[in-house]
Amino acid sequence: MTPYEAVHADPDGDATVARLALTASEYGYDGLVVRNHGDALTDSDADRISEEYGIDVVDGVEIRAADPARASGFVGNHRDHRTIVAVHGGSVEMNRFAVEQPAVDVLAHPMVDDGDFNHVLAKAAAKNNVHVELSLARVLRSDGGERVQALRDLRKLRELLGDADAPFVVSADPRSHLQLRAPRELRALGEVLGFDPDVVETGLAAWGELAERNRERASDAFVEPGVWIDEE
């Protein structure tokens, strides 16, 4: 499997896309999804950075909105221009909105703040092929009671997704190159969490699979899933 990480870069994070790409490449990643929030997009040259550091740099966005109605408009605005479209979760309303939208690729960190997730949402994610993020950020960057709760949330979320056979991605959600963790470190953390050995690998690879699928769909030869124009 080919691991990808999904990051927030300057001005949404504390490191440039180039610095993140360099570190990710050194750590053994094959790709980097730049998922800045919609009000803090980067203007970096993804193609140049990809060529310079030998890593696939994917243009994404993480939509953050006050309510589903506004989020719906933002999804429409970004869908044709960004390879990966994620929705910033963390409330019951936004989590429900995201998993019910086939145009959304990823529901990001659904368990932060007052967020919750249940079997109904897991089934909706499976039906609409919306990948739900297993975010390791809180486990990696918190301690005490907050870390204990983060561990519980992750285990609950993984169980719900597994029961519904819903797709998922895995990320440490880094905001600088200093917060990047090598795939082997995240695999080790997954073992501590009690995940099956392949869960973290599958979730890291899923970012790249989404990028490949969406790039194919953006091709002039694509008509609909399973239908292509023969250009020969």
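Mentor: The buried residues of H7 pack against helix H5 (119-128), strand E6 (131-135), helix H6 (137-141), strand E7 (168-171), helix H8 (183-193) and helix H9 (199-217). Contact here means heavy atoms within 4.5 Å, and buried means under 20% relative accessible area, with exposed over 50% and partly exposed in between (1.4 Å probe, protein chains only). Helices (H or I, at least four residues) and strands (E, at least two) are DSSP runs, numbered from the N terminus.

This is a predicted model, in which local features need pLDDT of at least 70, side-chain atom pairs count only at pLDDT 80 or more, and totals for chains, interfaces and linings use all residues. Residues are numbered from 1 along each chain as its sequence is written, and side-chain values use heavy atoms, with hydrogens and water left out.

Helix H7 runs over residues 144-164, which is 21 residues. From its first C-alpha to its last, H7 reaches 31 Å, close to the 30 Å expected at 1.5 Å a residue; the expected span is 1.5 Å times one less than the number of residues. The buried residues of H7 are Ala 150, Leu 151, Asp 153, Leu 154, Leu 157, Arg 158, Leu 160 and Leu 161.

After H7 comes Asp 165, with a positive phi near 55°. Most residues other than glycine have a negative phi. Asp 165 lies in the loop between H7 and E7 and is exposed, with a relative accessible area of 68%. Asn 129, in the loop between H5 and E6, also has a positive phi near 55°. At 35% relative accessibility, Asn 129 counts as partly exposed.

E6 and E7 pair in the parallel sense over four bridges; two strands pair if DSSP finds at least two bridges between them. Ser 135 stands opposite Ser 171 in E7. These strands belong to an open sheet of seven, in the order E1-E2-E3-E4-E5-E6-E7, with parallel pairing. E1 and E7 stand at the edges with a single partner strand each, so one side of each has no neighbour in the sheet. Neighbouring strands of the sheet are turned by 30° against each other on average, direction ignored. For such angles, axes are lines fitted to C-alpha atoms, for helices over the stretch in contact, and angles run from 0 to 180 degrees between N-to-C directions.
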